[in-house]
Amino acid sequence: MQHCHRSVRFPDRSRFCLVAIALVANTAWSQDGTRCAAEPDAARRLACYDRLFRPDPDATPAAPHTAASAPTAATTPAASSGSIMSKLWELDEADKRRKFVVRTHLPNFMLPVHYTNHLNRAPSSPTRVALASNEGYKPLEAKLQVSLRAKAVSDLLLPNADLWLAYTQRSLWQLWNSQESAPFRSTDYQPEAIYVLPVPPGMRSLPFGWQWMMAQAGFAHQSNGQAVPLSRSWNRAYVGAGFERGEFGVEWRVHRRIDESRTDDDNPDLTNFIGRGEVRASWLPGLATAALTWRTNLRALNRGSLQLDWTYPVDSDEPAGLRWYVQVFSGYGETLLDYNHKQTTFGLGLSLFQF
């Protein structure tokens, strides 16, 4: 819509707007302004003008009953379903945003207290000779994770289907180890491409009130950037799905590792330990959030891992601000370097940001 006040030099359309405004004002003045001007008392005359030109700001104007005011499909925004998963992945039309808007992906946190009951002092694999034990490392360290994503392509191949690009970096830092100059013990890097296909609203309904919200397909590379014999890496393709019921959500993924030659493979038995799929269940009961992640290959239930993440606002009046973060992990593969090493860890700290 053309605004009538954008420039001092008014083009023809702006002149038309000014003329229209003048005509409307003149009509209002002729109908009500004359009555106000005829009021002999100055205070009453001013009150009359106030009622005419300064209506009560708390009053709700009635919508004019004209054909032009009726909503149309072209001008009425789509109603949001209220789905948490839709807001996170922009599944419904009302939740769509522009491309290349950076958002959080996996949780972002800093856990200055991170304790393991079984520190991996001699990381090894079938193709990489074990190192001598490093007695200098301490079981109490810090854990840091930063994870971001952005939508790169909209409506790819199918309506409302989007391609996302993501990056996650996770580090274990010997923060409390001044004798060893507080080194970073392990850092994993994971770039990722994720294709997200929303399920049409008419096909979402499942038994017991659950909704099938989306399907996913993706490709991820993960490596720790270290030299042999500490180098660890793998590539995988995966498919998955997302389901929701009120404040509960479930995401399921199964992945297929991309094969490498034996000489290039740092960790040929990796999926035997960390699993070939995962299920993540989340719960958002009011101010708190909780998530339980189970990674497994279903062939050996004594492998894989369980991870619990819990958060709560530091200030309950600012739930979008800093949050307390608690994490408990048990099993194999907390880091790539520990893919074949079983341990239980406990972490306490703060979430960094969420947007």
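Glu90 sits in the loop that runs between α3 (84–89) and β1 (103–104); helices (H or I, at least four residues) and strands (E, at least two) are DSSP runs, numbered from the N terminus. The model is predicted, so local features need pLDDT of at least 70 and side-chain atom pairs count only at pLDDT 80 or more, while totals for chains, interfaces and linings use all residues. Residues are numbered from 1 along each chain as its sequence is written, and side-chain values use heavy atoms, with hydrogens and water left out.

Glu90 has a phi near 55°, a positive value in a residue other than glycine. Phe100 lies in the loop between α3 and β1, and its phi is also positive, at about 60°, although Phe100 is not a glycine. Are these residues buried or exposed? Glu90 is buried, with a relative accessible area of 1%, whereas Phe100 counts as exposed at 58%. Here, buried means under 20% relative accessible area, exposed over 50%, and partly exposed in between (1.4 Å probe, protein chains only).

Next comes the interior. In soluble globular proteins, nonpolar side chains tend to be buried together. The largest nonpolar core has eleven residues, among them Met85, Trp89, Leu91, Trp164 and Tyr238. Each of α3, β4 (162–173), β5 (184–198) and β6 supplies at least two residues of this core, and β6 gives the largest share, three residues. A second, separate core of seven residues includes Phe273, Ile274, Tyr332 and Tyr339. A nonpolar core is a set of buried Ala, Val, Leu, Ile, Met, Phe, Trp, Tyr and Cys residues joined through side-chain atoms within 4.5 Å.

Leu91 is in contact (heavy atoms within 4.5 Å) with residues including Met85, Val196, Met213 and Met214, leaving aside neighbours within four places in sequence.

Gln307 belongs to strand β11 (residues 305–313) and is buried, with a relative accessible area of 12%. Not counting residues up to four places away in sequence, Gln307 touches Ala291, Leu292, Thr293, Arg295, Gln327, Val328 and Phe329. The side chain of Gln307 also makes a polar contact with the side chain of Asp309 (3.0 Å). Such a contact is a pair of N or O atoms within 3.5 Å; within protein, one must be able to donate a hydrogen and the other to accept it, and residues adjacent in sequence count only if both atoms are side-chain atoms.

Finally, the peptide bond from Val228 to Pro229 is cis, with omega near 10°. Pro229 is found in the loop between β6 (211–223) and β7 (233–245).
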